[in-house]
Amino acid sequence: MRRRRIAVVLDGYSSMVSGYGSRSLVEQVTGRAPAYSTIRRGHVVQESTARDVIAAAEANGFEVVLTGPGLEAADPGRGRW
């Protein structure tokens, strides 16, 4: 069985979370429904919320794909944890 995958784009201040189940993860973290961007095709959240969503996704067995220009600031190890 394949793991569910969500994509997180870190832009510095605002971030975007997309993929099947991403809305429920954001609701689980924030307690309210996220704003959906039709142009970017994803849920727009703050970067601190995106980090919490990443942690919740990994705890729930999701595969997380991180991209964006804010990745260097958020991940100084460049993916090596």
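This is a predicted model: local features need pLDDT of at least 70, side-chain atom pairs count only at pLDDT 80 or more; totals for chains, interfaces and linings use all residues.

Ser15 sits in strand β2, residues 14-18. What is Ser15 in contact with, leaving aside its neighbours within four places in sequence? The list is Val9, Leu10, His43, Val44, Val45, Gln46, Glu47 and Ala50.

Take Val45 from that list. Val45 belongs to strand β4, and at 9% relative accessibility Val45 counts as buried, because the cut-off is under 20%. If we set aside residues up to four places away in sequence, Val45 touches Tyr13, Ser14, Ser15, Val17, Val26 and Ala50. For Val45 and Val17, the sequence separation is 28 residues, and the C-alpha to C-alpha distance is 7.4 Å.

Next, the core. How many residues does the largest nonpolar core have? The count is 13, and Ile6, Val8, Val17, Leu25 and Val53 have the most contacts inside it. At least two residues of this core come from each of β1 (5-10), α1 (22-30) and α2 (47-59). The element that gives the most is α2, with 5 residues. As general background, nonpolar side chains in soluble globular proteins tend to be buried together.

Not counting residues up to four places away in sequence, Val53 touches Ile6, Val17, Leu25, Val26 and Val29.

Now to helix α1. Which residues are buried in α1? They are Ser22, Leu25 and Val26. Looking down the axis of α1, these buried residues fall within an arc of 95°, so they line one face of the helix. The packing partners of the buried residues of α1 are β1, β2, β4 and α2.

Last, the backbone. Just after α1 comes Gly31, with a positive phi of about 85°. There is also a positive phi at Arg41, about 60°, and Arg41 is not a glycine. For context, most residues other than glycine have a negative phi. Where is Arg41? Arg41 is in the loop that runs between β3 (35-37) and β4 (42-46). Is Arg41 buried or exposed? Arg41 counts as exposed, because its relative accessibility is 61% and the cut-off for exposed is over 50%.

Technical notes
Residues are numbered from 1 along each chain as its sequence is written. Side-chain values use heavy atoms; hydrogens and water are left out. A nonpolar core is a set of buried Ala, Val, Leu, Ile, Met, Phe, Trp, Tyr and Cys residues joined through side-chain atoms within 4.5 Å. Buried means under 20% relative accessible area, exposed over 50%, partly exposed in between (1.4 Å probe, protein chains only). Helices (H or I, at least four residues) and strands (E, at least two) are DSSP runs, numbered from the N terminus. Contact means heavy atoms within 4.5 Å. The arc is that of the directions from the helix axis to the C-beta atoms.
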